[in-house]
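Welcome! Let's take a friendly walk through a protein model together, from the overall fold down to a few aromatic rings.

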Protein chains: 2
Amino acid sequence: MTGQLYDVIHQRRDVRGEFTGAPIPAETLDRVLAAAHAAPSVGLSQPWDFVLVRDRGLREAFHGHVRQERDVFAAGLTGEQADRFSRIKIDGVLESTMSIVVTYDPERGSPAVLGRHAIADAGLYSVCLAIQNLWLAATAERLGVGWVSFYREPFVQKLLEIPARIRPVAWLCLGPVTHLERVPDLERHGWRQRRPWQDAVHHDRWDN
Amino acid sequence: MTGQLYDVIHQRRDVRGEFTGAPIPAETLDRVLAAAHAAPSVGLSQPWDFVLVRDRGLREAFHGHVRQERDVFAAGLTGEQADRFSRIKIDGVLESTMSIVVTYDPERGSPAVLGRHAIADAGLYSVCLAIQNLWLAATAERLGVGWVSFYREPFVQKLLEIPARIRPVAWLCLGPVTHLERVPDLERHGWRQRRPWQDAVHHDRWDN
């Protein structure tokens with residue numbers, strides 16, 4: 001893989017099963033974090049933080065919670081859908097090298113965050129932009145990223161001693177991988193197909 | 001500028017004043033939209049849409065609304081802060097070539113969106129990842145992007161005839177620019193300084 005933007009964007013995958021657990025060089029991790037931090041943010045508030053979770057005990061505790069939440073979701077499925085879901089790996093928390101929890105601080109830059117008075121979620125949006133920068137930088141460094149979303153926010157806050165006002169936005173698994181799949185896992189497992197990008201485009205008004 | 005990922009990430013700016021209004025080649029716009037659409041999404045739901053707004057009347061109507069919301073925000077400021085804000089240009093809606101409104105459809109992929117049962121906002125996060133892909137692709141194409149957030153969502157829904165269940169997430173101005181500034185506008189105008197990325201990093205637990 002080259003570090004060309006379009007290559008990285010199209011080769012990036014949400015990784016579950018391909019982590020090797022090999023170490024990440026410190027300077028590589030620094031470049032990835034600096035890239036995340038270079039994201040745009042509403043009113044230049046930079047409301048994100050990155051909790052680097054290497055501790056095995058913390059990751060095992062989170063993984064146990066994820067398994068419980070997987071069961072909660074599975075209980076709502078029936079028939080073919082339940083069958084497909086049973087074959088899908090939903091996280092690589094223990095196999096990956098480390099985790100990065102990305103958080104949102106709504107008070108950073110307050111009270112007058114330029115551009116946030118009309119849209120309360122604008123700060124949360126900024127955090128997501130940083131996450132995508134991180135994901136692309138990691139991909140360019142030949143690292144895999146897997147976003148785990150089978151968890152309850154209060155569990156993560158308590159586990160990592162995150163203050164009540166700070167919201168966990170993403171639990172990301174990070175590390176070297178054997179390879180990146182060409183087709184997303186959920187498509188390979190028949191869960192859902194991608195749609196053509198042209199179907200997402202409208203002109204001037206929604207129905208045009 | 002090259003199309004190397006790290007160069008693009010660090011050279012990307014939130015553009016207000018540098019739009020030329022020159023046309024965007026169709027194939028360039030296609031690459032940018034395809035890059036946006038290549039973003040990861042919770043449960044492969046791809047819950048985003050892109051409304052391309054070229055119509056001058058629609059952009060003028062939106063611009064009028066933005067000016068009103070600018071006044072609302074300005075009314076809450078006093079002293080030096082009010083003075084600084086008065087010198088900051090907050091949008092390039094009329095000078096840019098076109099706008100792209102990015103929306104979120106919470107029903108896409110429902111009822112069982114894999115990975116969204118525990119985190120209601122996960123679909124909204126996916127839309128933001130697509131926005132950052134779009135922003136970086138545009139930057140690599142030497143186009144500027146400016147995210148305007150001085151608006152009320154119902155105004156945009158009504159203006160573009162967007163159905164009630166669909167949420168506008170971003171109004172982006174897009175087009176060729178004379179140049180990209182090296183330092184963000186808000187920093188140049190003394191509104192707010194960037195912080196070192198190292199200050200955003202925690203180890204294992206928030207206070208470590």
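## Contacts and overall shape

In this predicted model, take the contacts in chain A (heavy atoms within 4.5 Å) between residues at least 6 apart in sequence: 80% of them join residues at least 24 apart. Chain A has seven helices and five strands, where helices (H or I, at least four residues) and strands (E, at least two) are DSSP runs numbered from the N terminus. Starting at the N terminus, the order of elements in chain A is α-α-β-α-α-β-α-β-α-β-α-β.

How compact is chain A? Its radius of gyration is 18 Å, close to the 17 Å that the globule rule gives for 208 residues, so chain A is as compact as a globular protein of that length. Here the radius is taken over C-alpha atoms, and the rule is 2.2 Å times the number of residues to the power 0.38. The C-alpha trace of chain A spans about 50 × 50 × 40 Å along its principal axes.

The accessible surface of chain A is about 8100 Å², and 48% of it belongs to carbon and sulfur atoms. Such areas come from the Shrake-Rupley method with a 1.4 Å probe, and for residues only the protein chains shown count as cover.

## Aromatic rings

Over all chains, there are 18 aromatic pairs. Rings of Phe, Tyr and Trp (its six-membered ring) pair if their centres lie within 6.5 Å; planes under 30 degrees apart are stacked, over 60 edge-to-face, and the rest tilted. One tilted pair is Trp135(A) with Trp147(A), 6.3 Å centre to centre and 45° between the planes. Trp135(A) belongs to helix α5 (residues 122–140) and Trp147(A) to strand β3 (residues 143–148), 12 residues apart. Both Trp135(A) and Trp147(A) are buried.

Chain A also has an aromatic cluster formed by Phe73(A), Phe85(A), Phe150(A) and Trp191(A). The charged end of Arg70(A) sits over the ring of Phe85(A), 4.4 Å from its centre. For this, NZ of Lys or CZ of Arg must be within 6 Å of the ring centre and within 35 degrees of the ring normal. In chain B, Arg70(B) lies over the face of Phe85(B), at 4.4 Å from the ring centre.

## How to read the numbers

Residues are numbered from 1 along each chain as its sequence is written, while chains are lettered from A and ligands numbered from 1 in the order in which they are written. Local features need pLDDT of at least 70, side-chain atom pairs count only at pLDDT 80 or more, and totals for chains, interfaces and linings use all residues, with side-chain values using heavy atoms and leaving out hydrogens and water.

Definitions and conventions: Buried < 20%, exposed > 50% of the residue type's maximum accessible area, 1.4 Å probe, protein only.
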